[in-house]
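Trainee: Hi! Could you walk me through this one before I set anything up?

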Amino acid sequence: MGDIDPAFLQSKEHRANNHKKLVEVVEIPVIDMLQSREELISKIGRACEEWGFFQVTNHGVSSEVSSRAEAAAKMFFEQSTEEKRKVKRDEVNSMGYHDGEHTKNVRDWKEVFDYLVQNSAQVPLIESHEKELRTITNQWPQSPPDFREALEEYAREVEKLAYKLLELISLSLGLAGDKFHGCFKDQLSMVRLNHYPPCPFPDLALGVGRHKDSGVLTVLAQDDVGGLQVKRKSDGEWIPVTPTPGAFIINVGDMVQVWSNDKYESVEHRVVVNTERERFSIPFFFCPSHKVMVKPVEELVNQKNPPRYREYNWGHFYAHRNRTDFKKRDLENIQIYHFRILD
């Protein structure tokens with residue numbers, strides 16, 4: 001079997017086998033989107049507050065659209081490394097194929113393909129003190145056939161669901177349903193195709209290390225293999241998310257945590273790997289324009305509940321996070337707690 005590449009080696013306290021007994025009977029909430037609007041607002045609000053995660057069924061995204069995207073992803077990853085690297089991403093253009101992603105400076109046991117919901121977008125140059133921007137653009141492979149068509153259709157359909165969910169989350173906070181919709185003009189939303197090959201060292205490596213999502217919310221499709229685990233807020237236990245056929249897994253990101261002034265928390269999650277079966281998943285990361293300034297919304301702060309975060313620019317946050325995902329760095333990745341107002 002040989003030894004594991006040290007780049008993949010998780011520290012002992014963060015390995016998949018280093019936890020108390022997993023409570024398998026506990027599940028994140030599953031919410032049927034065909035319920036009444038009032039029921040949806042109530043249940044989604046409770047799920048956001050208690051878990052930061054939930055699953056949705058009867059969500060309006062057709063199974064045919066999802067199946068085409070899943071098939072396209074599998075065909076892409078089945079190609080040779082040489083073929084996949086023809087659309088390899090780099091630090092200048094972060095869209096395309098990558099097989100060396102790092103989470104918290106440890107390499108993930110996976111390969112990915114990223115693409116923007118809009119074909120190109122602008123992000124700040126983090127090295128510049130001026131307001132200079134660079135353009136990132138989708139890289140589409142020539143093979144497999146119909147790859148781009150299937151994935152663009154998927155992005156359009158899931159984007160509609162993301163807007164619906166954001167509206168319900170906003171209403172659950174007592175805000176207008178369209179409170180945040182204006183933030184998504186020239187959005188930085190993206191879709192990722194994840195492939196987790198079988199791993200001979202599942203007790204030493206992770207498909208994705210523990211992390212929180214930095215955007216607004218994530219809409220995740222996963223196959224039947226499983227591997228996603230959520231850190232339960234009440235006791236820190238890692239709870240496995242059992243695949244539900246046809247469902248999407250939703251989690252609120254850092255931006256909702258800041259907007260809600262910590263009423264809803266962006267929760268840590270990770271992906272464990274296994275020795276026998278490959279796993280595929282497709283997360284949709286709902287993210288606003290680089291121009292958006294993020295801070296607790298005025299309607300949710302007062303003298304008794306003052307703002308807990310300083311304002312920050314999403315574009316600069318995104319640019320810093322993107323660069324540290326690309327390869328190992330000496331400095332800690334930027335986090336929202338760097339903007340927390342100390343008591």
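This is a predicted model: local features need pLDDT of at least 70, side-chain atom pairs count only at pLDDT 80 or more; totals for chains, interfaces and linings use all residues.

Trainee: Which residue of E16 does Leu220 stand opposite?

Mentor: Pro283 in E16 stands opposite Leu220.

Trainee: And what sheet do those strands sit in, in what order?

Mentor: An open sheet of 8 strands with mixed pairing, ordered E1-E2-E14-E11-E16-E9-E6-E3. The edges are strand E1 (30-32) and strand E3 (96-98); each has a single partner strand, so one side of each has no neighbour in the sheet. From one strand to the next, the twist averages 25°.

Trainee: Which strands does helix H4 lie across?

Mentor: H4, residues 147-172, lies across strand E2 (53-57), strand E6 (111-116), strand E9 (190-196), E11, strand E14 (248-252) and E16. The helix runs at about 130° to E11.

Trainee: At what angle do H1 and H4 cross?

Mentor: Helix H1 (residues 37-50) and H4 cross at roughly 80°, and their axes come within 8 Å. That angle makes H1 roughly perpendicular to H4. On the H1 side the contact is made by Arg37, Leu40, Ile41, Ile44, Gly45 and Cys48. H4 contributes Leu165, Glu167, Leu168, Ile169, Leu171 and Ser172.

Trainee: Switching to H2, how far does that helix reach?

Mentor: Helix H2 (residues 63-78) has 16 residues and reaches 22 Å from its first C-alpha to its last, close to the 22 Å expected at 1.5 Å a residue.

Trainee: Which residues of H2 are buried?

Mentor: Val65, Ser66, Ala69, Ala72, Ala73, Phe76 and Phe77. Viewed down the axis of H2, these buried residues fall within an arc of 130°, so they line one face of the helix.

Trainee: Why would spacing like that put residues on one side?

Mentor: An α-helix has 3.6 residues a turn, so residues three or four places apart point the same way.

Trainee: Nice. What about the sheet of 4 strands, what is its order?

Mentor: That open sheet has the order E10-E15-E12-E13, with antiparallel pairing. Strand E10 (208-211) and strand E13 (238-240) are at the edges, each with a single partner strand, so one side of each is left without a neighbour in the sheet. The twist there averages 20° from one strand to the next. Inside the sheet, strand E12 (residues 228-231) runs antiparallel to E15, with 3 bridges joining them.

Trainee: Is Glu268 buried or exposed?

Mentor: Buried, with a relative accessible area of 16%, where the cut-off is under 20%. Glu268 is found in the loop between helix H5 (254-259) and strand E15 (269-271). Leaving aside neighbours within four places in sequence, Glu268 is in contact with Lys104, Arg210, His211, Lys212, Val230, Lys231 and Trp238.

Trainee: And where does Cys199 lie?

Mentor: In the loop between E9 and E10. Cys199 is buried, with a relative accessible area of 1%. Not counting residues up to four places away in sequence, Cys199 touches Trp109, Ala205, Val273, Asn274 and Thr275. The C-alpha atoms of Cys199 and Glu278 are separated by 8.6 Å, although the two are 79 residues apart along the chain.

Trainee: Last one: how many helices and strands does the chain come to?

Mentor: 6 helices and 18 strands. Of the 343 residues, 55% count as buried.

Key:
Residues are numbered from 1 along each chain as its sequence is written. Side-chain values use heavy atoms; hydrogens and water are left out. Two strands pair if DSSP finds at least two bridges between them. Helices (H or I, at least four residues) and strands (E, at least two) are DSSP runs, numbered from the N terminus. Axes are lines fitted to C-alpha atoms, for helices over the stretch in contact, and angles run from 0 to 180 degrees between N-to-C directions. Contact means heavy atoms within 4.5 Å. The expected span of a helix is 1.5 Å times one less than its number of residues. Buried means under 20% relative accessible area, exposed over 50%, partly exposed in between (1.4 Å probe, protein chains only). The arc is that of the directions from the helix axis to the C-beta atoms. Angles under 35 degrees count as roughly parallel, over 145 as roughly antiparallel, 65 to 115 as roughly perpendicular and the rest as oblique.
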